[in-house]
Amino acid sequence: MKRGIRLMFYLILLFPAMVSFAQESKDDLISGSFNQASFEQFAKKIEEQTSFRFYFDVTQLDSINITISVAKAHLPAVLDQVFANTDLHFAIDKQNHVFITQGFTISMEPGSSFLTGKKDSSFVVSKKSAGNRGYINQTKKISQEISVENKLFEIGLKVNEIPKGKVKIAGYVRDLHNGEAISGAMIYVENPHIQVASDQFGYFSIILTAGRHTINIIAPGMFDAKRQVMLYSDGKFNVDMDEKVLKLKEVLVEVGKEKNVRSAMMGTNKLDIIAMKQIPTAFGELDVLKAVLSLPGVKSVGEASTGLNVRGGATDQNLILFNGSNIFNPSHLFGFFSAFDPDVIKDVTLYKSSIPANYGGRISSVLDITSPDGNDKKIKGSAGIGPLTGRLTVEGPINNDKTTFVAGVRTTYSNWLFSILPKQYEKSKASFRDGTIHISHKVNNKNNIYLNGYISADKFNLNSDTTYQYQNQNANIQWKHNFNNQFYGVLTAGADHYDYKVSGTDNPVNAYKLAYTINQYKLKADFSYFLNNKHKITFGVNSLYYNIHSGSFNPVGKQSLVIPDTIEAEHAIESALYASDQYNITSKFSIEGGIRYSIFNYLGPKHINEYAPGLPRQESNVTGTNFYPSGKIIKTYSGPEYRVSARYFLSDNSSLKASFNSLRQYIHMLSNTTAISPTDIWKLSDPNIRPQLGSQVSLGLYKNFKSNTIETSVEVYYKWIQNYLDYKSGAVLIMNHHIETDVFTTKGKAYGAEFLMKKATGKLNGWVSYTYSRSLIRENDPLAGELINKGNYYPSNFDQPHNATMVGNYRITHRYSVSLNITYSTGRPITLPVAVYDYAGSARLLYSDRNAYRIPDYFRSDFSVIMEGDHKLKQLTHNSWTLGIYNLTGRKNAYSIYYVSQNGTIKGYKLSIFGSAIPFITYNIRF
Amino acid sequence: MRRTHFYHKLVLCGICSLLFGYCKTPYDAPLKATQTNFLVVEGFIDGAAPTTIKLSRTRILSAGDTAISLKELNANVLIEDDHQNTYPLAEAGNGVYSNTNTLILNPARQYRLHISTSSAREYFSDFVPFKPSPLIDTIGWKFKDGGVQTYLNTHDPNDSTRYYRWEYNETWEVHSYYDSYIKYDAASNSVIPRTEQAYICWHSHNSTNILLGSSAKLSSDVINEMPFVYIEQHDERLSVLYSIWVKQYALDLKGYNFWQAMKSNTENVGSIFDPQPNQTPGNIHCRTDSSETVVGYIGAGNTFEKRVFINNHLMPPTWNIFPFCPTKIVPDNPDSLTFYFGTGALAPYANASTASGSPAFSASGIKCVDCTISGGINIKPPFWP
């Protein structure tokens with residue numbers, strides 16, 4: 001604002017020729033007719049007729065169109081009419097200089113404050129009273145912003161008379177600097193309070209009364225923005241927001257960060273990349289999934305696992321979406337790292353309670369990971385070097401600013417690790433790489449096209465000739481079409497692929513190659529319809545075709561005697577239809593109700609075993625095998641899924657929310673290990689394996705303190721899980737032609753309470769959470785042929801009742817910040833032996849009840865320092881260092897406890913993944 | 001493919017121990033002391049060698065496994081076939097029940113074990129088919145990473161065996177560094193002539209790991225180069241002569257699964273991808289109380305045995321590393337004898353004299369002189385060449 005004033009002085013100084021000292025009467029009369037004239041044209045006409053001389057900032061007035069017809073009118077009256085319903089003001093001094101200002105009036109009496117805004121009788125000024133703007137401490141402002149924020153945007157067909165009635169406007173919220181869409185931005189006006197949020201494309205639609213409004217736009221990581229709009233009729237309105245590059249010394253107290261209270265959704269956590277960067281990680285490798293693990297209600301069985309257990313659910317019950325693609329194995333290097341390159345990630349949203357109706361197919365949670373749109377102004381890049389990986393990311397426009405891309409690659413050079421290991425590991429190799437591309441193309445105002453591609457690959461062999469390989473390959477295309485301001489649709493087509501291969505060739509007679517592949521093709525259409533401010537309706541249809549090659553085992557080489565064996569492929573179509581309405585019943589009460597109906601068709605060609613009814617599913621009870629030809633529907637499962645959530649404002653900064661959801665899952669991951677392993681396989685529901693069903697009720701209380709800078713919440717939930725698969729003793733999961741004989745179904749229940757306190761802004765930011773939760777399962781499947789723990793409920797592998805986490809970051813100066821991360825949780829359950837006996841020359845162990853014991857409690861603290869290079873905006877490269885210590889206290893946290901027969905005797909061990917404090921350093925560069 | 005997590009364990013420990021200190025630390029969980037006392041039955045109904053059945057009881061798991069091993073005494077053990085023939089086994093003490101002669105069993109019949117304990121409980125194993133083991137084709141060896149890898153080849157021309165289990169015994173000859181003909185007698189604090197040689201000893205070791213093989217996925221019933229014992233370079237087992245004796249059992253699928261589960265529960269643990277421990281039920285049931293847990297699987301068939309020798313001559317000349325065995329001249333006086341020999345630090349191996357000419361003994365570390373100290377036996381086994 002200061003700068004705006006200065007601009008006016010420059011105007012005065014630079015164009016002295018314009019200043020004429022005509023000592024004419026104030027009563028120069030004006031006549032004329034203007035039709036859609038600009039203010040410049042208007043001023044010129046008046047200057048021709050009279051001695052008035054105008055001084056104004058062109059950018060402030062370029063949106064004013066004047067349609068007026070006057071005869072012998074006084075200028076002040078004309079200007080009052082022209083500036084009606086704007087916050088433009090004028091002042092006329094004795095020399096007939098007319099100063100046009102926005103938001104305040106000026107007084108030019110010598111000796112008086114230039115900026116008092118006080119009305120002085122010796123001057124003619126606007127009749128309206130001007131609001132006092134608190135511009136004095138607004139240090140963040142840059143010139144672009146001042147002009148944009150003060151500029152009046154006129155929307156619709158301009159008429160001189162303000163129309164009555166409602167006006168619908170819609171548009172995108174984007175990042176000013178790189179054109180990236182900002183999702184989850186809150187767009188609202190005050191008095192009466194009307195609020196909408198931008199969707200994943202940054203798109204929003206709002207209905208307001210015609211006339212003048214101040215629209216507020218807030219979004220995490222962005223400076224709060226305001227726009228002056230003049231609404232005549234329906235129209236487009238885009239907002240570019242400015243990113244908070246860094247906080248200057250004057251800390252801005254930000255208002256409006258009240259999304260947790262305002263949103264009708266509950267159990268939703270969103271982490272943006274800036275927050276994730278502050279969390280120290282092992283080896284300094286920024287890890288999306290490890291960051292998600294610091295959220296309440298999310299657990300993992302140990303440090304070597306990226307598998308997430310959300311609110312007592314299994315690792316296969318999370319729908320992991322990366323730019324809309326379904327990722328089956330999200331881990332690298334045996335689970336030490338997640339398979340997502342942090343440089344191409346914008347944010348991560350975890351839905352663990354209210355799951356929107358457009359998502360389905362997994363019963364526990366949805367983890368939605370998105371990439372930013374590429375910079376639409378210029379080609380930029382970044383690179384990072386850590387102890388194990390190197391990364392490179394490039395983004396920018398292609399040809400013009402209509403098409404942008406962001407692409408990242410990451411690869412490992414972890415083989416050095418093996419070269420310095422003892423000799424027995426020297427032949428080992430482990431490598432991984434991943435690549436991501438996201439292209440967004442704006443066809444025109446109504447059509448956008450997005451292309452996404454992702455590939456990740458892992459390969460390792462550990463001092464043996466057994467080589468393991470696995471890879472994800474995903475691609476999709478999205479076409480977004482805006483039918484009108486209120487209605488848009490997104491059509492998505494995509495393919496997801498995962499495969500693994502194991503080969504062993506050291507013994508030529510037994511040389512083999514084992515392969516498994518899952519392919520998934522999907523087509524979906526999603527629509528959003530903003531009926532009015534009270535109703536936002538979404539609906540859609542989607543279909544997913546599965547083609548799973550459940551396993552092939554083939555010989556390698558001429559000497560191999562391995563019999564080629566292939567398990568019959570599986571085919572199925574999973575379709576769903578959904579509709580959901582977000583209904584704001586009153587300003588305090590809103591409800592979002594959705595229903596999803598999913599249908600699963602298991603298709604031929606396939607041989608299906610039939611088992612004698614009521615008898616255990618064993619090979620001996622097979623009564624027959626039926627063959628179903630290609631395309632024939634073998635079995636159909638279908639059912640409704642309900643998604644309901646409601647919010648009630650208790651006060652301006654507190655709300656109560658409740659939700660109920662039910663979900664269905666038609667695909668099962670088969671693994672009898674506690675962690676996700678590379679040879680886990682996915683199996684579809686079939687006539688003998690029913691789909692998993694989950695339902696959850698939850699209740700939450702949200703309250704913000706200190707002008708919404710501190711968010712607190714309590715959520716409680718209860719969850720039921722049916723048909724989760726567990727495994728019989730000695731189950732064979734790989735290359736099993738009748739897997740149903742080795743699995744049985746369980747019932748599960750989970751409940752808990754999650755407490756969260758979060759401070760998202762300020763020098764000190766972070767969150768503290770505590771979770772009490774239980775996860776229990778029971779197996780009394782009469783078809784199993786055996787009972788686990790006598791058919792009673794027992795703790796699941798990831799039942800960790802107490803969990804407390806603190807994630808904190810403190811900015812010392814603009815360039816240095818420190819982070820501290822503390823985690824505590826109860827040890828996970830484990831099965832330990834009950835007795836010893838001697839057999840085959842050694843002492844051996846007898847196991848009984850599952851999960852009757854726990855490993856010791858887990859505690860870890862991490863520390864890191866982030867050092868930014870200097871903050872000159874205009875320089876060739878920006879660099880930063882991150883250094884820190886993972887597991888600061890060096891605690892040998894147990895990953896597992898086990899007993900083993902060694903040289904004839906029994907020994908007990910504790911296995912720790914990290915046995916000491918691990919220092920790390922990484923270097924990042926942006927160009 | 002068989003046990004993927006084994007490899008993970010390797011790399012995990014490698015990374016951990018190198019970079020982050022130890023990943024594996026001894027630990028004894030605070031276990032609830034449950035008295036189980038379940039019957040454990042181990043053995044094989046053998047048509048080619050005397051049948052031996054061992055009966056014992058499960059015991060409490062304690063730190064260091066200090067609980068006493070409980071043997072089941074005074075039981076009645078019978079082998080029964082499906083034609084009501086019975087073959088009683090005699091109690092040989094210490095929970096072992098056996099027959100001295102090889103039973104003549106009919107391969108067309110099915111066999112089971114019938115146990116009556118002194119507490120009047122009756123146990124039966126399931127009837128199992130008689131599975132003859134094919135011959136062991138070869139037990140061979142090859143150099144691998146500087147050491148010696150022994151392996152076994154076998155095949156069944158009828159393609160009907162498919163599942164195998166092996167037990168082995170290793171025997172090896174070692175020589176002391178010095179061949180001594182004298183020894184220290186503590187009772188008289190004097191050096192006396194040796195009556196038993198202490199220069200050549202034989203060590204013996206039974207397999208403690210479960211060795212299983214399967215050709216179920218192969219087009220013919222062939223076991224090719226099944227790895228057995230790996231002998232590290234310079235290992236004393238190959239310093240003179242080494243022998244391995246292997247006994248081959250044929251298993252049915254149920255028996256194979258039982259052994260496989262026992263192996264994975266007790267040997268293949270400690271990785272980051274451990275499967276859930278489980279107890280695969282064996283094939284022995286208590287008739288008196290069907291809910292009682294009984295541990296064990298009894299199979300039947302002909303076993304086959306084979307022994308091979310590996311001579312140190314076939315090793316590279318760098319194989320043998322000679323121990324550090326300096327000679328010390330110990331004067332023949334009571335104080336010196338008590339000081340050097342009475343404490344067991346040194347042992348005499350030859351007569352000598354001091355620099356001044358008085359009687360003395362050449363002595364060296366006791367392990368350099370007496371091979372029985374390290375657990376060797378100085379009597380040549382009957383099968384030794």
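Student: What share of the 385 residues in chain B is buried?

Tutor: A residue is buried if 20 or more other C-beta atoms lie within 10 Å of its own, exposed if 12 or fewer, and partly exposed in between, with C-beta atoms placed from the backbone. In chain B, buried residues make up 37% of the 385 residues. In chain A, buried residues make up 47% of the 927 residues. This is a predicted model, where local features need pLDDT of at least 70, side-chain atom pairs count only at pLDDT 80 or more, and totals for chains, interfaces and linings use all residues. Residues are numbered from 1 along each chain as its sequence is written, while chains are lettered from A and ligands numbered from 1 in the order in which they are written.

Student: How many helices and strands does chain B have?

Tutor: Helices (H or I, at least four residues) and strands (E, at least two) are DSSP runs, numbered from the N terminus. Chain B has four helices and 27 strands. Its C-alpha atoms fill a box of roughly 85 × 50 × 50 Å along the principal axes. Chain A has nine helices and 58 strands.

Student: Why does Ala170(A) count as buried?

Tutor: Ala170(A) counts as buried because it has 22 C-beta neighbours inside 10 Å. Ala170(A) sits in strand β8 (residues 166–175) of chain A. Leaving out residues up to four places away in sequence, Ala170(A) touches Phe204(A), Ser205(A), Lys236(A), Asn485(A) and Gln486(A). Phe337(A) is 167 residues from Ala170(A) in sequence, and 41 Å away, C-alpha to C-alpha.

Student: Which strand order does the open sheet of five strands in chain A have?

Tutor: Two strands pair if DSSP finds at least two bridges between them. The order is β7-β13-β12-β9-β10 in chain A, with mixed pairing. β7 (152–155) and β10 (194–197) of chain A are at the edges, each with a single partner strand, so one side of each has no neighbour in the sheet. The twist averages 30 degrees from one strand to the next. Such angles run from 0 to 180 degrees between N-to-C directions, with axes as lines fitted to C-alpha atoms.

Student: How many bridges join β7(A) to β13 of chain A?

Tutor: Four bridges join β7(A) to β13 (residues 225–231), and the two strands run parallel. Glu154(A) stands opposite Met230(A) in β13(A).

Definitions and conventions:
Two residues are in contact if their C-beta atoms, placed from the backbone, lie within 7 Å.
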